[in-house]
Amino acid sequence: MEAVSVAQVTAGVDLGGTKVQAVVLRDAEVTGSARVPTPRTGAGDVIGAIAGTIRASLEQASAKPSALRSICVGTPGEIDSTAGTVSLAANVPGFEGRVELGPLLSETMDGVPVRIANDVSVGVLGEFERGAGRSYRDLLGVWVGTGVGGGLVLNGELYHGRDTAGEIGHAVVKPGGRRCSCGRRGCLEAYAGRVCMEQRARYLQKRGTATILFRIMKAEGRDRVSSGVFAKALKSGDKLTRQLLEDAAEALGIALASAQNLLDLEAIIVGGGLGDRLGRPFVDQIAERMAPHLFIPDKPPVMLTTELGDLSGAVGAAVLAGG
Ligand SMILES: [Zn+2]
């Protein structure tokens, strides 16, 4: 008797400093999803939370654990995809050193194969395969959040270079300019990354510039200026926030115009925590700043917001798990 084929599913997980988001894909459709805050108590608990969100997603999809064919986790930090390890993911508790994420998660999930990938790459892949980028073959995704990351799709495929292509956050937009989290000066991330923008705001406030940014932060019960705090301050007409975001749009415009002049892309997608939160008005502002630097100004790339929002990473990871 021939074996009856069982509908198999793949799981994708987006591991971040604030949340763990999982989805389950069946026949290219998202059939289940679950999210929990990232545990603050160490790597073991984080891996437990990843396994928990996958199981919850399977349940929602009415899929048996035995139907799960493979898992992919998108994570920040340095990745050794062969060994399945992650290092230096400073925002994820317990992941400051080296964590054998792939082998440990696979063991927890009864031996299901686990693949590890870069968080921004899987986000861009999610948008390319299932979101805003699905009708294009050459595109750049720029993820504006804690830092600024990028993912490049060329000729319909993610371009990895020798391993680390897409780091547009460290494109130089102003030689000798503001200090970047990488230690160098004048990188895009120094102007458009959330952490660097917060540092700049604290510096300017100390020197007497008025801002409601930190009052909003405290009222929200946070100790960091999150994307939501920036968005609220902007809405309230905070001048310093508006200036910081103008500087960010200007820096993004310069870097993206250079990328465009080099690659002649069809589309650029702006995502990430801050990019998603600020949405279309921010993307339009970036496009405006980009325009004067375009070598072929009458053929600009289509400028897009994400469609999947904060699900793009998990969806991209689930796609990668199936590939
Ligand atoms: Zn840098």
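In strand E6, Thr85 is the bridge partner of Asp80. I begin with this pair as a way into the structure, which is a predicted model.

Let me place the pair in its sheet. Strand E5 and strand E6, the latter covering residues 85-87, are joined in the antiparallel sense over three bridges. They belong to an open sheet of three strands, ordered E5-E6-E7, with antiparallel pairing. Strand E5 (78-80) and strand E7 (98-99) each have a single partner strand and stand at the edges, so one side of each has no neighbour in the sheet.

Is Ser106 buried or exposed? Its relative accessible area is 16%, and because buried means under 20%, Ser106 counts as buried. Setting aside neighbours within four places in sequence, the contacts of Ser106 are Gly111, Val112, Pro113 and Val114.

Five strands form an open sheet in the order E11-E10-E9-E12-E13, and the pairing is mixed. Here the edges are strand E11 (157-158) and strand E13 (302-305); each has a single partner strand, so one side of each is left without a neighbour in the sheet. Within this sheet, strand E9 (residues 139-144) and strand E10 (residues 148-154) run antiparallel and are joined by six bridges. Val144 is found opposite Val148 in E10.

Which helices lie across this sheet? One of them is helix H3 (residues 119-130), which lies across E9, E10, E11 and strand E12 (267-271) and runs at about 125° to E9. Helix H8 lies across E9, E10, E12 and E13, and its direction is at about 160° to E9.

Helix H8 also has a helical partner. Helix H5 (residues 194-206) packs with helix H8 (residues 239-263) at an angle of about 140°, and their axes are 11 Å apart. H5 is therefore oblique to H8. The crossing of H5 past H8 is right-handed.

Which residues meet where these two helices pack? From H5 come Met197, Arg200, Ala201 and Leu204, and from H8 come Leu240, Leu244, Leu245 and Ala248. Seven residues of this contact are nonpolar, one is charged and none is polar.

Thank you for your attention.

Note on methods:
Residues numbered from 1 in each chain as written. Predicted model: local features only at pLDDT ≥ 70, side-chain atom pairs only at ≥ 80, totals over all residues. Heavy atoms only, no water. Pairing = 2+ DSSP bridges. Helix = DSSP H or I, 4+ residues; strand = E, 2+ residues; numbered from the N terminus. Axes fitted to C-alpha atoms, helices over the stretch in contact; angles between N-to-C directions. Parallel < 35°, antiparallel > 145°, perpendicular 65-115°, else oblique. Left-handed = near helix turned anticlockwise from the far one by under 90°. Contact = heavy atoms within 4.5 Å. Nonpolar A, V, L, I, M, F, W, Y, C, P; charged D, E, K, R; others polar. Buried < 20%, exposed > 50% of the residue type's maximum accessible area, 1.4 Å probe, protein only.
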